[in-house]
Amino acid sequence: MIHLTRPMRSIALAGALLACAAHAFAQADTPLGTWQTIDDSTGKPKAIVQISQDTDGNLNGTVLKGLGANDTPDRRCTACTDERKDQLIKGMTIIKAMKKDGDAWDGGNILDPENGKVYKCKMTLEDGGQKLIVRGYIGVSLLGRSQTWVRQQ
């Protein structure tokens, strides 16, 4: 068993805290992680989405759980018109192929399971990485709508 002196314990503790802070900071500058979606029309939480990175470096978002009225595990995307038609929304990839573009992520798309439509997507971080502005649009970014998602710990 190793016995550390008091100063050594303090240094070890400080190092461990610094490593944790560095990990949290590194995650705060990227959308990777778990997010609570907020409905832009009602302002209420709608779902929990996990954003992850694929082998090509693209970001994708998967629905982990619906919230409130959307918390029905057997809910399906009946309005979808692509390969997701009638698939379970829980576990569905709704954000695909987002690429880093300066301070934003762009070039991919997002599915709105409510209406089955797929929109171009742009994402930017705010509030020290604790909020994600997700904009779905058709054509140009000016013609669309945004939601503010909140990072979950």
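Tutor: A disulfide joins Cys77 to Cys80, with an S to S distance of 1.8 Å; the term covers a pair of cysteine sulfur atoms within 2.5 Å. By that rule the model holds 1 disulfide. The torsion about the S-S bond of Cys77 and Cys80 is about 80°, so the disulfide is right-handed. Cys77 and Cys80 are both buried, where buried means under 20% relative accessible area, exposed over 50% and partly exposed in between, with a 1.4 Å probe and protein chains only. Another cysteine, Cys121, has 0% relative accessibility and is likewise counted as buried.

The model is predicted, so local features need pLDDT of at least 70 and side-chain atom pairs count only at pLDDT 80 or more, while totals for chains, interfaces and linings use all residues. Residues are numbered from 1 along each chain as its sequence is written, and side-chain values use heavy atoms, with hydrogens and water left out.

For orientation, the protein has 1 helix and 8 strands, taken as DSSP runs numbered from the N terminus (helices H or I, at least four residues; strands E, at least two). From the N terminus, the order of elements is α-β-β-β-β-β-β-β-β. Of the 153 residues, 35% count as buried.

Next come the charged contacts. Arg75 and Glu114 meet through their side chains in a salt bridge, at 2.6 Å from N to O; a salt bridge here is a side-chain nitrogen of Lys or Arg within 4 Å of a carboxyl oxygen of Asp or Glu. This pair links distant parts of the chain, with Arg75 in the loop between β3 (59-66) and β4 (93-101) and Glu114 in the loop between β5 (104-112) and β6 (117-126), 39 residues apart. Arg75 is partly exposed at 23% relative accessibility, and Glu114 is partly exposed at 41%. Through shared partners, salt bridges join Asp39, Lys46, Arg75 and Glu114 into one network.

Lys65 forms a salt bridge with Asp71, where the closest N and O atoms are 3.2 Å apart. Lys65 is partly exposed at 37% relative accessibility, and Asp71 is partly exposed at 38%.

The side chains of Asp40 and Arg145 also form a salt bridge, at 3.0 Å from N to O. Asp40 sits in the loop between β1 (33-38) and β2 (45-53) and Arg145 in strand β8 (residues 144-152), so this pair ties together parts that are 105 residues apart in sequence. Both ends are partly exposed: Asp40 at 34% relative accessibility and Arg145 at 38%. The salt bridges come to 10 by the rule used here.

Two backbone angles deserve a look. Asp86, in the loop between β3 and β4, has phi near 60°, a positive value in a residue other than glycine. Its relative accessible area is 36%, so Asp86 is partly exposed. Ala97 lies in strand β4 and also has a positive phi, near 60°, in a residue other than glycine. Ala97 counts as partly exposed at 25% relative accessibility.

On the nonpolar side, the largest nonpolar core has 22 residues, and those with the most contacts inside it are Ile51, Met123, Leu132 and Trp149. β2, β3, β4, β5, β6 and β7 each supply at least two residues of this core, and β6 gives the most, with 4 residues. Such a core is a set of buried Ala, Val, Leu, Ile, Met, Phe, Trp, Tyr and Cys residues joined through side-chain atoms within 4.5 Å.

The largest pocket is lined by 24 residues, of which Lys46, Leu111, Asp112, Pro113 and Gln147 lie nearest its centre. A pocket is an open set of points on a 1 Å grid over the protein atoms alone, where a 1.4 Å probe fits, with protein on both sides within 12 Å along at least five of seven lines; lining residues have an atom within 4 Å of a point. The space in the largest pocket is about 400 Å³, taken as that filled by probe spheres set on points joined across faces, edges and corners. β2, β3, β5, β7 (131-137) and β8 each supply at least two residues of its lining.
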